[in-house]
Amino acid sequence: MAEKTNVTLTLNNETISFAVGEKDRLMDVLRANGYVSVKHGCETGDCGVCTVLLDGEPVRSCMLNAVDVAGRSITTLEGLSRRGEPLHPVQQAFADSGAVQCGYCTPAQMLTAKALLDKNPNPTEDEIRTAMDSVFCRCTGYVKTVAAIQHAGALLRGEEATTGEYLEIVAPPDAKTIDLPDIYRRRDGGRNPLPPLVITPPDMPKTNIVGKSQKKVDTQKLVRGYPVFTDDVQPDGMLYGALLTSPHAHAIIKNIDTTEAKAIPGVHAVLTYKDIPRVPYASGGQSYPNPHPYDQFSLDYKVRHEGDRVAIVAAETPELAQKALRAIKVEYEVLPAVLNAEDAMKEGAPVIHDEPDAVGIHDAKRNIVHRLESGVGDVDAAFAEADHIFEGEYRTQKQQHTHLEPHVCISYWDEDDRLVLRSSTQVPFHVRRMVAPLIGLPVKRIRVVKPRLGGGFGNKQEMLLEDLCAHLTIATGRPVRMEYTRKQEFTSSRSRHPNIIRYKIGVKDGKVTAADLYLIGDTGAYGTHGLTVQMVGGFKGLTLYNAPNSRFVSDVVYTNTPPTGAFRGYGATQCQFGIEVLMEEISEKLGLDVVDFKRNNWLKLGEPMYLARKLGEGREGFDQMLESSGLEQCVNVALQATDFYRKREAYAKQKGTKRKGIGMAVQMHGSGIAGLDMAAATLKMNDDGSFNLQMGATDLGTGSDTILAQMAAEVLGIPVEDLIVYSSDTDFTPFDTGAYASSTTYISGGAVRNVAEKIKKQIQEHAALMLEMDNPDALELRDRKVIAPDGRSVTLAEVALSSLHQQNQHQIMATASHISYTSPPPVATQFAEVEVDTETGEVTVERLLMVVDAGRIINPITAAGQVEGGVAQALGLARSEEMVFDDEGRQLTTTWGPYHVYSASEMPAVDVIFVQTNEPSGPFGAKSISEIAMDGVSPSIVSAIHNATGVWVRQLPLTPERVWRAIHAAKTEDVTMAEAVSA
């Protein structure tokens, strides 16, 4: 064992000593001693979530050896306020402003903010953004982070200030213009955070708790840095698991020798494909039965991408686990690799899945996982009758989720010999069902617990570590922890499907009468989510303009790249990028106003969605009709807020190399999977009139625990703080399919509303007994009371005590479920303003305005946070984020350096306006919100670039080189044409 040195330092104003090794990282030492607010997000110092204050200055604790801070002063978040003490002003400001979403980066952000405000109590917005560049955030888009720091500064200066609020105006849906507050026009061109604006129709039913900004129920524990994430609580006797991955994109394991690794003292298990039953499965967390193909095995004799699984180990320390991995000797037979979908389908391409026991591959010899063909109407006849036919090809890239919390799982046997998986998963109930056959245990002997999640965005809708962790615990009898490195997140987790999108559109009398979409989906080395992502893309991409004659064909194709999977937007993002750009190209060629052309063709209220039955998710769907839509008002508001037409006209006359542009797009998404997603919730009344709300719904930073509590509180006439919320534990909460498909507000919300109504009825019946009344339905629940028409009342606490201890003794408790055979689409418009340098191709995005109809907005602050964060991710997709590979399939973008995620100072102004509608099938009129923010940014920026330069860019990301080449090609074409005319 390495020698330890005793290091004494000041930690949170207390003198403390640690015994540390020469190379022990400060981050690891702090976490091992209970300071778990210090997070791990990477190994290169890029993300900043490990930030602590060293003598008052922010430093990355993962890059410091603990021995080097002897005699220095360290501050972690735990030092800002202790349990029972008032929050520090910075903590209070983050809580009040809605700046906390998943909360994983929040400790580092708050410490960085404290250091800034200690030096400069009144920083400018630019100074705040520059300071926050040192800490990445993937959830928020930094809007509320900046607002929180501004508010904290005001508090520290002793000024009165408000934050965490929204503005609301009432306007009829058919109003052509509204009295828009001037701040939303951004005449100054700045990017200071604006509160979300909510536009409400006059006839919207009134509510008390729903529709109001409510501080999140988990805020306190997150701003105090309590141990709430998977890796924050570790069982005694825990071993450290590690994964050996393939350095090759395609190879057969000819021989694997684990003798040396097993002989290392402190190594307790080394497992390869020889040690684990060979059970085919699909890793995507989807409803039973999981869609085909079943083309994965916990460990296999063949590897199909760099980062593929080879072997797993469990050892006493992380260092020993890594030593064991290095000691495993693997002999590979390297095979040719194919890295793009078009090449993979060609005759003679390497066959990626030649194993005989895979299930459900359409054509393995051609690497085609699925071939999808669907349609409605007579497409060929409609094209024959069309006045004009237009075609366009569009391409999108492979994008990584880069959630700050890596995948992590801890497995252990409990006192009843049941296997517990504590995992950062979006789908605990799916994981329990899916892992059971892989590890040879019945479902009843498995418990999956989802603690707080540090972001997911679809990447944690996948079973990636749980089966491996379980195998190691079964092999050793000990608790085991496994966590991906940041490199493994890029090479071994999941990503967005790259797509080739080919549209053909027929127009007759200004109407889109025919549409043909051929979609090539690159699913990477395994087919997880390949079927359903393309089906969603086809459905949304063809339904936005809903041609009565539509055809969809898709090839889902294997390549030797890391597997793709679920990513926020789920196919709709890619296909709506293509159709939105093409629709503007068509309008230009026909000499039509782009807004009028789109308005004339987009899906209208009361229209059937022609492909809804044909393109369900993985199976036949259900007939759908649009029953609520504020898209017309969304566009009218955005036109007004951006002064769109005046700017478009002015920008068309620009000279010089720096040119402004403004663009727009419209989009639609969905609210859960019709006829498939199901959620349940349980409510139980306590002696004091409070309630336990137990749900399978998974909050991954979205605020779902809070908005679902708001729904229950609305029905029961209580404040949210009277609800104790517990979610996502397969033993103690009812079933929920999980956090995906934009289902939580709509589906889980329906379950919560249903169970709250049941509890309300039980309370009314017991209160009627207490008040000696014959008509329980006449009783009103309000202000923690049950009130009779004559003014008499009993408190909820009195009802609870009476029902438990006195009259007709029983537990007031209920469980309810909800499923919907409709999936009402939220609709929105995205406007973008840019500046393009025509000499370099550099595009500076100056403003992104999204105007959204998501039905009733349950909580404007959390909803705005969802939009702001989604827009930031979509901006990365549009401009910079791309997983790049060399010719042999090795990934070149496995850190946050080359893989460029937008930082706080790089973000444009991001503004959010909600146009409320009352969706008849939604809880309190709500629809979904979290995914639609992904769908409009790319096409709106392409639209703006075209307005600035006159060129179309049809492939993402919009890098300077790609934009420059488009501009240069257009100039060359103009010169060639001019020369031809003069000749």
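Visitor: Which residues touch the most other members of the largest nonpolar core?
Guide: Phe94, Phe914 and Ile941 do, out of 158 residues. A nonpolar core is a set of buried Ala, Val, Leu, Ile, Met, Phe, Trp, Tyr and Cys residues joined through side-chain atoms within 4.5 Å. Helix 22 (residues 860-879) gives the most to this core, nine residues; helices here are DSSP runs (H or I, at least four residues), numbered from the N terminus. This is a predicted model, where local features need pLDDT of at least 70, side-chain atom pairs count only at pLDDT 80 or more, and totals for chains, interfaces and linings use all residues. Residues are numbered from 1 along each chain as its sequence is written, and side-chain values use heavy atoms, leaving out hydrogens and water.

Visitor: Why is cysteine 50 called buried?
Guide: Its relative accessible area is 3%, and buried means under 20% (exposed is over 50%, partly exposed in between, with a 1.4 Å probe and protein chains only). So cysteine 50 counts as buried. Cysteine 634, at 0%, counts as buried too.

Visitor: What makes cysteine 50 and cysteine 62 too far apart for a bond?
Guide: Their sulfurs are 3.7 Å apart, while a disulfide needs a pair of cysteine sulfur atoms within 2.5 Å. So there's no bond there, and searching the whole structure finds zero disulfides.

Visitor: How do you know that the span of helix 19 agrees with what it should be?
Guide: The expected span is 1.5 Å times one less than the number of residues. For the 13 residues of helix 19 (residues 704-716) that should be 18 Å, and the end C-alpha atoms are 18 Å apart, so it agrees.

Visitor: Why is helix 19 called largely enclosed?
Guide: Because 13 of its 13 residues are buried.

Note on methods
Helix = DSSP H or I, 4+ residues; strand = E, 2+ residues; numbered from the N terminus.
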